Structure formats: C-alpha cells, structure tokens
Amino acid sequence: MHDKSKAMINPSVHGWIDKYFIEQKAIKALEGNTLDSYYHTIRNTGFIYGHIIGFATENELDSKGWLNDEISKVALLNCLYGVYSLTVITPDSGDFITKAVSFYNEMNPVGFTLFKKVLPTASAASNLEKIIDERVQTNDNIISKNFSHIVTNALLFVDVLAFQHYLIEGKIPEKYLKKIEETVVSIVTLALRTKTNKSQHDDLLIKLFEASVRYTKFSKVSSQNLETLELDYFENNLEKYYLLDMAGLALWSDGVVENEEAYFLYALASYMGISDRFVETSIRDTNAFISKYKKDIPYFNYSNPVKHFYDQTTQLVLTLMKRNQKRLVKEISESKELMVLLANSTQRDLDKDEKKKVKKQLLDICKTVPSLTIFLIPGGSLLLPILIKFIPQLLPSSFNENLEEE
C-alpha cells in the first residue's frame with residue numbers, strides 16, 4: 001500500500017530535490033512500470049498537455065498554493081526520474097542527479113547561456129535545482145505567464161525524450177532537439193489545416209508553439225504533408241505517442257473530432273507504426289482531460305486571445321523599456337545609423353534590409369543590458385517589433401531631429 005499522506009515540499013527553497021527523494025522513495029515507486037504505462041500515467045497528470053493537475057509519485061504531493069513554475073519544476077524532475085528508472089538497470093537518485101546535470105550541460109545550445117548560474121563548487125543536486133528553475137522559467141517572462149503556460153510546458157516533454165536518448169547512447173543525437181521541435185510544430189500546423197471548424201485560437205496556438213521552442217527557426221519549417229516529415233527518424237514509442245498527442249491537442253474543439261480530423265490522426269499513427277487503439281485512447285483521454293479542466297486552462301478561456309496576447313506582451317516591453325530608459329538612450333545615441341533608421345520607422349515602413357539592420361543593432365544593445373536579454377532567447381523575437389515601435393517615444397526630442405538633418 002502506498003502511503004497517502006501528503007508530502008510537503010517547497011520547490012522554491014534550496015534543497016527541495018533532496019527532500020523530494022527522501023519523501024518519495026521514488027526508486028520503489030516505479031517498480032513494475034513499463035514505458036507505455038509510464039506515458040499514460042504522465043499524460044493523466046496533464047504534463048503532456050502542459051496543464052499539470054497532479055504528480056505520479058509514491059506519496060501524494062500537496063501542491064496547493066504553488067505557483068505554475070513550482071508545479072512545473074517538480075513535474076519535470078518527476079518525469080525525468082521516471083524515464084531514468086525505466087532505462088537504467090539499477091536506479092539510484094544520486095546517479096540520476098549526476099546524469100541529469102550532465103545531460104542539461106550537453107542540451108544547452110551553443111551561445112545560449114540558459115544555465116550560466118551552475119557552479120562547479122556546488123553539489124549536483126543544487127546545480128540541478130538551478131537548471132530546472134531556469135528551464136521552466138525560460139519563457140515565463142517573455143509572454144504572459146498564464147497564457148503561454150500550456151504550450152511552454154507541453155514542450156517540456158522534449159527534455160524527457162532527449163534525456164532517454166542520453167541515457168541509452170551517452171549523448172544527445174546530433175540535431176535531435178531541433179528535429180523533434182520542427183516535427184512537433186509541423187504536425188500541429190498540418191493538423192490545424194484539417195480542422196473543419198477553424199477558430200481564432202488556431203493561429204495563436206502556432207504563435208505560442210513558436211515562442212516556446214528553443215532550437216528551431218520557423219522560417220525553415222515548411223512541411224506540406226505527412227510524407228515530408230521524415231517520421232521514421234523517431235523510433236521510440238514515447239516520441240511517437242507524444243507527437244500524436246500534440247496533434248490531438250491541436251485538433252481538440254469542444255469534444256468533437258470531425259471525420260477529416262480523425263483521419264489525420266489515424267494517418268499520422270499509420271506513418272509512425274502506432275496502433276489504432278492508441279489513437280482511440282488519445283482522442284478519448286485528450287477530450288476527457290480538456291473537457292474537465294478547460295475552465296482552468298487560460299488558453300481556452302479568452303474571448304479574444306490574440307488581443308490578450310499582444311496586450312500582455314506590450315505591457316511587458318513598455319515596463320522593461322521604462323526601467324532601462326537611460327541605458328537604452330545612451331546605447332542608441334552612439335549609433336547614428338540606428339537613430340536614423342528608428343526615426344524613419346515613425347514615418348514609413350522600413351524595407352527588408354533596413355529592418356534587418358535595426359534588429360541586429362538592437363539585439364547587440366540588448367546583449368549589454370542584463371534585463372533586456374529576454375529579447376535574445378527563443379520567443380524574444382515576438383517582442384522585438386513592439387520594442388522598435390515604442391523606442392522613439394522614450395527618446396528625447398533631439399532624436400527625431402536626426403531625420404531632418406539627414
């Protein structure tokens with residue numbers, strides 16, 4: 001019998017990972033599990049869908065009052081440890097922590113200082129806490145926290161899939177992270193094209209996926225059909241299940257799956273060698289989960305989601321600009337070309353080359369201002385046009401005189 005007393009962990013206090021393993025006795029919790037049962041259990045917690053309502057743990061966790069990122073941190077740790085326990089012969093929490101830190105150090109993209117706070121002198125558990133904290137926070141401050149949360153967290157399962165490869169092969173396959181992100185977004189895009197009843201949420205869903213990825217440039221994602229997706233690249237059932245569930249999430253619409261939509265899911269399953277039974281279960285479980293928790297998932301509850309999305313991001317950009325106004329003015333004033341281009345942007349639309357110059361020079365400036373580095377990480381590009389639009393309003397009147405001088 002499992003001990004049903006609720007474990008008390010504070011994911012915002014140093015030492016929470018060690019406490020998790022002490023309280024959960026997690027090594028015993030997963031005995032007798034299979035990858036299939038693991039996946040279905042994780043899906044039932046909402047982790048796959050990006051809206052976590054519980055944890056598949058030995059002792060029930062009391063997450064009442066937790067923030068979204070705190071729930072995500074424990075869920076990510078729990079899912080990573082789950083796949084570790086099913087992959088290695090003799091699971092050990094210390095070995096898991098060491099391997100997880102090594103994995104994230106390799107997962108970290110070149111030039112992307114996501115895990116810069118990791119210290120060589122700190123314990124492995126302490127470093128993993130910092131890594132996981134950074135991992136779930138990456139997009140929270142870029143887009144409205146609640147609004148992007150469902151998609152940002154749905155893509156956290158990519159970490160779990162990559163970790164499994166790392167455990168088996170000792171490394172992450174080259175281009176794996178880029179490949180799976182491209183495939184997820186391509187499948188979601190293709191799925192949305194088949195929807196009988198399209199809604200304003202559909203375009204937003206694509207925008208949110210694009211804002212959540214970390215390894216992909218979407219100008220290069222152009223798959224027109226399932227045949228061009230190279231789905232045979234994915235040989236692991238966890239990968240296949242996840243890709244199909246992401247398509248199902250995109251197609252969900254008030255509990256109704258039209259014939260064309262169902263056909264797309266069955267065709268996708270056929271290409272990946274997944275049984276029709278899994279498709280039926282996926283449709284049923286996705287509908288049951290979203291129908292039950294729809295009122296709690298912000299994505300489904302805005303009458304005008306696109307407007308809400310940009311209202312939130314605009315407010316964030318304005319706040320950051322005001323806090324860093326002096327520094328921005330100083331940096332921009334040192335570039336005559338940038339000042340002229342920004343002044344021109346208030347009078348006319350810049351051409352393609354001019355926009356590229358403005359973007360490059362502003363990104364260079366953002367690198368020098370710590371609180372503006374959010375424009376540099378994936379998703380930040382969505383905010384850059386807003387930054388460009390409002391910069392002239394924050395600059396002194398002498399700024400616009402540059403245009404007249406030219």
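## Lining of the second largest cavity

The second largest cavity is lined by I42, T45, F47, G54, F55, A56, A75, N78 and C79, where lining residues have an atom within 4 Å of a cavity point. Two or more of these residues come from each of α3 (35–45) and α4 (68–87), and α4 contributes the most, with three residues. By class, the lining has six nonpolar, three polar and no charged residues; Ala, Val, Leu, Ile, Met, Phe, Trp, Tyr, Cys and Pro count as nonpolar, Asp, Glu, Lys and Arg as charged, and the others, Gly among them, as polar.

The volume of this cavity is about 30 Å³. The whole structure holds two cavities of 30 Å³ or more, a cavity being a set of points on a 1 Å grid where a 1.4 Å probe fits but cannot get out.

## Basis of the model

The model is predicted, with local features requiring pLDDT of at least 70 and side-chain atom pairs pLDDT 80 or more, while totals for chains, interfaces and linings use all residues. Residues are numbered from 1 along each chain, and side-chain values use heavy atoms, without hydrogens and water.

## Packing of α8 and α9

Helices α8 (residues 157–169) and α9 (residues 176–193), DSSP runs of H or I with at least four residues, pack at about 140° with axes 11 Å apart.

In the contact (heavy atoms within 4.5 Å), V158, L161, A162 and H165 of α8 meet Y176, L177 and I180 of α9. This contact comprises six nonpolar, one polar and no charged residues.

Note on methods: Axes are lines fitted to C-alpha atoms, for helices over the stretch in contact, and angles run from 0 to 180 degrees between N-to-C directions. On a 1 Å grid over the protein atoms alone, a cavity is a set of points where a 1.4 Å probe fits but cannot get out, and a pocket is an open set with protein on both sides within 12 Å along at least five of seven lines; lining residues have an atom within 4 Å of a point. Grid points are joined across faces, edges and corners, and a volume is the space filled by probe spheres set on the points.
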